[in-house]
Amino acid sequence: MKNTLNTLTLAVCAPAWLVAQEPVSIPGVSPDLGAHPFLSPIRTVAPDQGVGGGLWASGAGYKARFDSGVVFYPVLGKDAPTNLPLRWTTTSVRVGEVAASGPLQVAQAHASDWRFELRRGDIVEAYDVRDDGVEQTFVLNTRPAAGGDLVIEGAIDSELSAAACDWRHGEVVFHDSDGNARVRYGAAVAIDAHGRRTPMETRVLDGKIGLRLSSRALAEATFPLTVDPLLAPVALSTGSGYAGTIGIVRDDVANHLMVVYRRASAGTDYDAFARVIDDSLAGGSSTIWTDIDASWSTDHTSGAFVGGSNKYIIALERRFPANNNYSWIRYHLHASADLNTDTTVTLVNKPVSETWTEPDVGGTASFTTGGRALIAFKSEDPVGAPFYGDVYGMVVDTAANTYGGRFYLAGAASGTTYDRGGPSVNKESDGDGASWVVAFGEYNRAALSDDWDVAVVRVTPAGSVTSRAYINSPTSEHKLRPQVDGRGGRYMLVYGVASPGHIISWMHTLRLNRFDFAEGAASPIFRRDSLLRTGAELAASDIAYDSNSRSHWVVGYYNSSWRTYAARIGYDSRVLETATLYSGADSSSAPAVCFDNDVREFTVAYPTTGAGYPLYVRKMIHPSSPVSVSGTGCGGVIASNGTSNAGSEFFNVTLSNAAAGASAVLLTSLGQADLPLDSIGMTGCHLLVSPANLLFSLNTVTGGTGAASINLPLPSAVAGVDLFFQWAHVALGANPANLRSTPRLRTAVR
């Protein structure tokens, strides 16, 4: 069955050093923000664990820190073992043999969103953040008193190297130890106040770069005079700009979507970004948060929206290369509709012997009073007990920005029996005092040849946890990496199945498990376990719940051929349709999905490795399932107030304007008819559904207002079928048969 996919490209501009074509323009999207997913303004980052901090910014293929100069980090990708930064520190600015500025060490630093300046009297050393690199300029505001050549020198500190060269006009290219070009220092040009451009000479000698403008050109220039090279990356490794670990969150208050994603600056250094767009996918987008300091790696992110406080929460895992065995949990709070870029996080304390990883966060529904969020995470002692992990929960009061103590999600410590991990929290609770549901994996290492199982628990905002219950699954193989979503007691999870083995990276099958877990219930009721997909190396990355129909979910998944998919699921855990998100020549992975209750649409986000490493956001829309009323009735009104898509559990047919307390029967057929019923005493009435195709009839009694309703779940298997309904009801004295009938209701189940 065909689904509708509307598309917005968040990032479609390729860096100039990768391809030559012009950037693709998207109507209504600002090319500066909407088209560049890794471009972020200069912001102050606070230190963590005694390291890092300072002023940071980033672009398509780099990030940079500004202090007494610039430290430029070309993005090398996950295959590079470490970063290879290049530091520039200005050592002299002189005309002839006379210094043209005050002492370099007493420069006054000034920073704005896109520009960092070191002011030294009449000379300003500036760095402008662009998507394709950092533009370095030296501005001489007044003509120097001394005569001679203008010479600017900067010391280079880097593991990258450039070939020595004498004075000539041209760029300088820095290479790594394998000879790969990594950074380009552009050919310098002097531009005077009238816009006249004069090529400058460049020299590389003894770890310094020199820039020279002849005395004649200096004498002929009109001031202020600007010296302008460009510092930019020139080569990217495989997958270097790839946006991974995607998450997408909807703010129903501001009608915004927040997309959270990462990229690998190097294999030991992942950076994180969060961007907000209108949920209609129209207009521009804004980067609202970054975590790009090179002193740590942001190894995992998860986002949610908290309706009670109208805030986003981003939970993240930071790992410090100097202490590689350990990771810490942090979180960031961001107010609804605040489009300013921030870098702040709240530091969460932990025992020094433990590493905390894999955070997943659940929020609360918009327009509720619940201001708390739940962060679930894995903890283990990587030195003392590296194979026995526990899963914990931690409640965050997002209004007060405080967090409570951790608590076991499995009831007790794993000890030397269990290994637990991969927790997944449903995206939002019903708010107020409503609970979240958490699914996680558990492996009994004390049992010979045990398999990984999936357990679920219900967690209250006060931190009360039910006993864990294990899903009913037909397989005895490993059940791994559950993703769960739902609300109001109705949930579904998707999980992978893998054959026994020491290292498990891909699953050969994806399965679905529908269950109910009512508020206050001690344990869930498992409804159905079913197949999603098999026969390939697969991984499920996300699942989202249709809170309008209370019957549908969409699962995002991908395979080892780096193709991405989204599957729509009905209440009976059956696949209704599968949409291919990306299957082109490039790669894609780990799609994320959320639900828009205002228009009843799912939104899916996924990355690709195409030119410019675009991040796509697309709409997945339920097929139209129209309901119409036709034919001549002789009494009563027929209608439906339920969702009529296939897989809807709460479709219903209603009767109104009948007698109070009257017996009524609902006729259901696969065809329509128009047969007069005068011959049986129902004068002026017609049978409007086909008796030859009658499926069933259901009896009920109207209430005190003369109304009745029958719920008719629509199994996923009836997709594509047209159903016809008609009520007949007792109406004493209305005609010889004392019966009346309504018009016909037609439902196209899609």
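Mentor: Start with strands and pairing. Strands are DSSP runs of E, at least two residues, and helices are runs of H or I, at least four residues, numbered from the N terminus. Two strands pair if DSSP finds at least two bridges between them. In β18, the bridge partner of Cys165 is Val204.

Trainee: What kind of model is this, and which rules apply to it?

Mentor: The model is predicted: local features need pLDDT of at least 70, side-chain atom pairs count only at pLDDT 80 or more, and totals for chains, interfaces and linings use all residues. Residues are numbered from 1 along each chain as its sequence is written, and side-chain values use heavy atoms, with hydrogens and water left out.

Trainee: What makes β13 and β18 a pair?

Mentor: Two bridges join strand β13 (residues 165-168) to β18, in the antiparallel sense. The rule asks for at least two, so they pair.

Trainee: How many bridges link β18 and β19?

Mentor: Five, again antiparallel, with β19 covering residues 208-213. Arg203 has Gly210 as its bridge partner in β19. The two strands form a hairpin with two residues between them. Asp206, in the turn, has a positive phi of about 55°.

Trainee: Which side chains of β18 are buried?

Mentor: Thr202 and Val204, which point to one face. Buried means under 20% relative accessible area, exposed over 50%, partly exposed in between, with a 1.4 Å probe and protein chains only. Across the 750 residues of the chain, 57% count as buried.

Trainee: Why is the pair Phe320 and Trp328 called edge-to-face?

Mentor: Rings of Phe, Tyr and Trp (its six-membered ring) pair if their centres lie within 6.5 Å; planes under 30 degrees apart are stacked, over 60 edge-to-face, the rest tilted. The count by this rule is 27 aromatic pairs. Phe320 and Trp328 are 5.3 Å apart centre to centre, with 90° between the planes. That is within 6.5 Å and over 60 degrees, so the pair is edge-to-face. Phe320 and Trp328 are both buried.

Trainee: What makes Phe595 and Phe602 tilted?

Mentor: Their centres are 5.0 Å apart and their planes 55° apart.

Trainee: What makes β51 and β57 edge strands?

Mentor: Three strands form an open antiparallel sheet, in the order β51-β52-β57. β51 (637-640) and β57 (708-711) each pair on one side only. Four bridges join β52 (residues 652-656) to β57. In β57, Ile710 is the bridge partner of Val653.

Trainee: Where is the pLDDT below 50?

Mentor: One such stretch is residues 1-34; another is residues 235-241. pLDDT is the predictor's confidence in each residue, from 0 to 100. Where it is low, the predicted coordinates should not be read in detail. The chain averages 90, and 93% of the residues score at least 70.

Terms used. Contact means heavy atoms within 4.5 Å.
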